[in-house]
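Hi there,

Here is the structure I promised to pass on.

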Amino acid sequence: MDLASQLQRQFVDYSKTLILEGFLDDQFKQLQKLQDESNPEFVFEVVSLFFEDSEKLLNDLANALQQKIVDYKKVDAHVHQFKGSSSSIGAQRVKNVCAAFRNFCEARNFEGCKVCLRSLTEEYNLVKSKLETLFTLEQQILAAGGSVPDL
């Protein structure tokens, strides 16, 4: 088995694990189907934008929850945006935390919101690291002369 084939196998196994463990859902597979020879960086570009948005939203959320008087509508708007962007790339566990977070915003539950912000940061950092590993595998497959397998 050549290097490209080994890497492709690793890529498929790793992707399946991410889906089984709930980090990614079918939306991520849909994104990958949109990637082709004419746009080989499509998924990477979309996910990179998600990373940029997420970093900004996490900062905005932290700032909003540090105010003397918390504007729960503003917090909820940030969480709603985060939920939408995580849904669009298939970051399932991030999306699930956002759903819980929105309930705490609605209830104006400050402690619940603080706990959710920590969970959201954790889940985001986890999925970011896992996706970066996936993209590294993609680059290695391409460098070895292989093509990135469909999931």
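**Salt bridges in the model**

Asp26 and Lys29 sit three residues apart in helix H2, which is about one turn of the helix. Their side chains meet in a salt bridge, with an N to O distance of 3.5 Å. Asp26 is partly exposed at 48% relative accessibility, and Lys29 is partly exposed too, at 27%. Please keep in mind that this is a predicted model.

Helix H1 (residues 3–20) holds a pair of this kind: Arg9 and Asp13 are four residues apart in it, again about one turn of the helix. The salt bridge between their side chains has an N to O distance of 3.0 Å. Arg9 has a relative accessible area of 42% and Asp13 comes out at 36%, so each counts as partly exposed.

The next pair reaches across the sequence. Lys95 forms a salt bridge with Asp25, with 3.5 Å between the closest N and O atoms. Lys95 belongs to helix H5 (residues 92–106), while Asp25 lies in the loop between H1 and helix H2 (26–33), so this contact ties together parts that are 70 residues apart in sequence.

In total, the count comes to eight salt bridges.

Note on methods
Residues numbered from 1 in each chain as written. Predicted model: local features only at pLDDT ≥ 70, side-chain atom pairs only at ≥ 80, totals over all residues. Heavy atoms only, no water. Salt bridge = Lys/Arg side-chain N within 4 Å of Asp/Glu carboxyl O. Helix = DSSP H or I, 4+ residues; strand = E, 2+ residues; numbered from the N terminus. Buried < 20%, exposed > 50% of the residue type's maximum accessible area, 1.4 Å probe, protein only.
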